[in-house]
Protein chains: 2
Amino acid sequence: MARINKARYAVLGLLTLEPMSGYDMQKAMHKTINHFWSESDGQLYPMLAKLTQEKLVTVTEESQGARTRKIYTITKAGKKALQKWLAIPADPPSPRFELSLKLFFGHLAPKGSNIKHIKLHQHRMQASADLCKQVIKHLKSEHASDPKFTYWYLTVRSGYLNAKVQLKWCDEALELLK
Amino acid sequence: MARINKARYAVLGLLTLEPMSGYDMQKAMHKTINHFWSESDGQLYPMLAKLTQEKLVTVTEESQGARTRKIYTITKAGKKALQKWLAIPADPPSPRFELSLKLFFGHLAPKGSNIKHIKLHQHRMQASADLCKQVIKHLKSEHASDPKFTYWYLTVRSGYLNAKVQLKWCDEALELLK
DNA sequence: CATAGCATGTAAACAGTTACATGATTAT
DNA sequence: ATAATCATGTAACTGTTTACATGCTATG
């Protein structure tokens, strides 16, 4: 079975929101899909170039003085490719939870390090839950009538529930280990 | 900052349980750390060879007739390397939830495909929750007095809670989309 | 005039998957 | 006999991160 490159669809998807530059896309990623998807800079620009070559996006250069921005726009073919991918069932995820891996061998770890790891995780999950809560609030007040609202909401809701249940797990874990 | 190869520590960690062959390790992975960690075959054998070269593990060949098995044993240096890694805080995970990515652009998807994806996810999460439940039961009856018990339990407990909250999310999502 | 942010990209190295290749042993 | 499982590995490809490289523009 051929492997499917998902970075390309993340990029194509973002370009359906509006035409933008590579730099814009970095920021857009952080504002939108960051809870459940991430691409590194090193992937982004080469992917945009590749998609241009494949005619799934087009470029227009916009210059402001000496500086030029390359604005990418998705083509009809690009949108079709995205829609085709959207219909394909997701691969079963192959999980990589470093914390669990460390904890599984926790009896070999130096004293206190397990608890330290869990407290760090707790801190991150609290931040994630707070952020999701904020995003949901923002979505409800600004985008409630948008046809995309339900879909956007569901992704953030998933992030929120995950963070919350991880916080619950942290409490249990700290109780058990102390 | 240098990147840390985690596959090597998964391998070293499994070898602390008991000496085993590459083939054994594949099975051991499925029985133990599969809920939160996975390595492909293509990683495993080269990694064992590499670790041998670095003297973090040793090999002894065991022959049964014409067939030979290579049994790997962790060395003192290997155990030290593992313990050192166990003390290092985990990297913040960079999430890759394909389902969320698809759903985020769900308004562009063909009719019914979003719901199909969620139902598949629901099915997988139910299977995962059931498996975790079974593993917990097994742990409690067979390993309750093992000093590793608490750590093993916590990893499975995390998997169970995650699966459960995802099932809750599936219910909400299906309700919203129907 | 220094600093932060805007803007685009490349190169090297490493990680990871898939498919291929080979052959022995055990159970049906 | 034949199928499943034991057993070890390689090669090719693709994905991904990190660090590097360059230079402009706005703000204090």
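This is a predicted model: local features need pLDDT of at least 70, side-chain atom pairs count only at pLDDT 80 or more; totals for chains, interfaces and linings use all residues.
Another pair is that of Phe104(B) and Phe105(B), which is edge-to-face, with 5.2 Å between the centres and 85 degrees between the planes. Why do we call Phe104(B) buried? Its relative accessibility is 4%, and it counts as buried because that value is under 20%. By the same cut-off Phe105(B), at 0% relative accessibility, counts as buried. Ring pairs also join Phe104(B) and Phe105(B) with Phe36(A) and Trp152(A) into a cluster.

Let me now turn to the interface as a whole. On chain A, 67 residues are in contact with 67 residues of chain B, and between them the two chains bury about 6600 Å², of which 69% is on carbon and sulfur atoms. How many residue pairs are in polar contact across the interface of chain A and chain B? The rule finds 28 of them, with both residues at pLDDT 80 or more. If we ask which parts of chain A are involved, helices H1 (7-17), H4 (76-86), H5 (98-104), H6 (113-142) and H7 (149-177) each supply at least two residues of the side that touches chain B. The largest share of that side, 18 residues, comes from H7(A). Sorted by kind, the residues of the side of chain A that touches chain B are 36 nonpolar, 19 polar and twelve charged. As for charges that meet, there are six salt bridges between chain A and chain B, and one joins the side chains of Glu172(B) and Arg157(A), at 2.8 Å from N to O.

Is Glu98(A) buried or exposed? Its relative accessible area is 8%, and because this is under 20%, Glu98(A) counts as buried. The side chain of Glu98(A) reaches the backbone nitrogen of Asp91(B) at 3.1 Å. Setting aside neighbours within four places in sequence, the residues that Glu98(A) contacts include Lys6(B), Trp37(B), Trp85(B) and Pro89(B).

Within chain A, helix H2 has buried residues too, among them Met25(A), Ala28(A) and Met29(A), and the buried residues of H2(A) pack against H1, helix H3 (41-53) and strand E2 (67-74) of chain A.

Finally, a detail of the backbone: Lys55(A) is not a glycine, and yet it has a positive phi of about 60 degrees. Lys55(A) lies in the loop between H3 and strand E1 (57-64) of chain A, and it counts as exposed because its relative accessible area, 62%, is over 50%. In chain B, Lys55(B) likewise has a positive phi of about 60 degrees, is placed in the loop between H3 and strand E1 (57-64) of chain B, and counts as exposed at 62% relative accessibility.

Note on methods:
Residues are numbered from 1 along each chain as its sequence is written. Chains are lettered from A and ligands numbered from 1 in the order in which they are written. Side-chain values use heavy atoms; hydrogens and water are left out. Contact means heavy atoms within 4.5 Å. Buried area is the accessible area (1.4 Å probe) that two parts lose on being put together, summed over both. A salt bridge is a side-chain nitrogen of Lys or Arg within 4 Å of a carboxyl oxygen of Asp or Glu. A polar contact is a pair of N or O atoms within 3.5 Å; within protein, one must be able to donate a hydrogen and the other to accept it, and residues adjacent in sequence count only if both atoms are side-chain atoms. Helices (H or I, at least four residues) and strands (E, at least two) are DSSP runs, numbered from the N terminus. Ala, Val, Leu, Ile, Met, Phe, Trp, Tyr, Cys and Pro count as nonpolar, Asp, Glu, Lys and Arg as charged, and the others, Gly among them, as polar. Rings of Phe, Tyr and Trp (its six-membered ring) pair if their centres lie within 6.5 Å; planes under 30 degrees apart count as stacked, over 60 as edge-to-face and the rest as tilted. Buried means under 20% relative accessible area, exposed over 50%, partly exposed in between (1.4 Å probe, protein chains only).
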